[in-house]
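Student: I would like to learn how to read a protein model step by step. Where do we begin?

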Amino acid sequence: MFDYQNGDFDIQKKHINDEGEYVITAGTSNNGILGQSNVEAKIINKNTITIDMFGNSFYRQFRYKMVTHARVFALLPKFTMSKKQGLYIVNSLKFLTSKFGYENMCSWNKIKEEKIKLPTKDGKIDFIFMKTLISELEEERISELSAYLKVSRLDSYKLSDEE
């Protein structure tokens, strides 16, 4: 289902300047986004998935660069992957965090033969089901948040230009 790609330049914190593409590193803080940099490095296309050395996976709906020192790699789909399909697949990869860590770092070679469970229909991956399920979950969460904001009287707030 996927090919992979690594970064080609070891982007460091000193290269982060809030310009250019986002830079992806290992970890879950800020979904693995270190910041932005315009340092010259390989740019990975949007609508891909990153996996770090700990097995953390994130769907990326934007173009980005990757550090090389944190052993992050990108999964490039061999199909057109929508955001909702990407989110579904990332959730199916969550088991990787229980298999990998400092002592056993995740890599493409270690996971390329891994099997993930995806919904099927008529013997083919059911991408429509993935999209529908994620849409339903999003609607449910938004509805719950709206109800909470209304009950707590936070639903009619105004933000200033500074906020």
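Student: Which residues make the nonpolar surface patch?

Tutor: This is a predicted model. Its nonpolar surface patch is made by Leu145, Tyr148 and Leu154 and covers about 320 Å².

Student: What does the chain look like overall?

Tutor: It has three helices and nine strands. Read from the N terminus, the order of elements is β-β-β-β-β-β-β-α-α-β-β-α. The C-alpha atoms fill a box of roughly 50 × 50 × 30 Å along the principal axes. Of the 163 residues, 36% are buried. The chain exposes about 10,800 Å², and carbon and sulfur atoms supply 49% of that area.

Student: What share of the contacts joins residues 24 or more positions apart?

Tutor: Counting contacts with a separation of 6 or more, 62% are between residues 24 or more positions apart.

Student: How many bridges hold each pair, and which residues stand opposite each other?

Tutor: Go along the sheet pair by pair. β1 and β7 are joined by five bridges, and Gln5 has Ala74 in β7 as its bridge partner. β4 and β7 pair over three bridges, where Ile49 is partnered by Leu75 in β7. β4 and β5 are joined by four bridges, with Arg60 in β5 as the bridge partner of Thr48.

Student: Which strands form the other open sheet, and in what order?

Tutor: Three strands form it, in the order β3-β2-β6, and the pairing is mixed. At its edges stand β3 (33-37) and β6 (64-66), each with a single partner strand, so one side of each is without a neighbour in the sheet. Neighbouring strands are turned by 35° against each other on average, direction ignored. Within this sheet, β2 (residues 21-24) pairs with β3 in the antiparallel sense over four bridges. Val23 is opposite Gly35 in β3.

Student: How do I read a helix that packs on a sheet?

Tutor: Look first at which way its residues point. An α-helix has 3.6 residues a turn, so residues three or four places apart point the same way. Then list the buried positions. In helix α1 (residues 83-92), these are Gln85, Gly86, Tyr88, Ile89, Val90 and Ser92.

Student: What do the buried residues of α1 pack against?

Tutor: They pack against β1 (2-6), β4 (48-51), β5 (57-60) and α3 (127-151).

Student: What should I look for in the loops?

Tutor: Asn31 has a positive phi of about 55° although it is not a glycine. Asn31 is in the loop between β2 and β3, and it is partly exposed at a relative accessible area of 43%. Asn47 also has a positive phi, near 60°, and is likewise a residue other than glycine. Asn47 belongs to the loop between β3 and β4 and is partly exposed, with a relative accessible area of 27%.

Student: Which residues does Thr68 contact, leaving aside its neighbours within four places in sequence?

Tutor: Thr68 is in contact with Gly7, Asp8, Phe9 and Asp10. Thr68 lies in the loop between β6 and β7 (73-77) and is partly exposed, at a relative accessible area of 32%.

Definitions and conventions
Residues numbered from 1 in each chain as written. Predicted model: local features only at pLDDT ≥ 70, side-chain atom pairs only at ≥ 80, totals over all residues. Heavy atoms only, no water. Buried < 20%, exposed > 50% of the residue type's maximum accessible area, 1.4 Å probe, protein only. Helix = DSSP H or I, 4+ residues; strand = E, 2+ residues; numbered from the N terminus. Contact = heavy atoms within 4.5 Å. Patch = residues over 30% accessible without salt bridge, like charges linked within 9 Å, V, L, I, M, F, W, Y side chains within 5 Å. Areas by Shrake-Rupley, 256 points an atom, 1.4 Å probe, with all protein chains shown as cover. Salt bridge = Lys/Arg side-chain N within 4 Å of Asp/Glu carboxyl O. Pairing = 2+ DSSP bridges. Axes fitted to C-alpha atoms, helices over the stretch in contact; angles between N-to-C directions.
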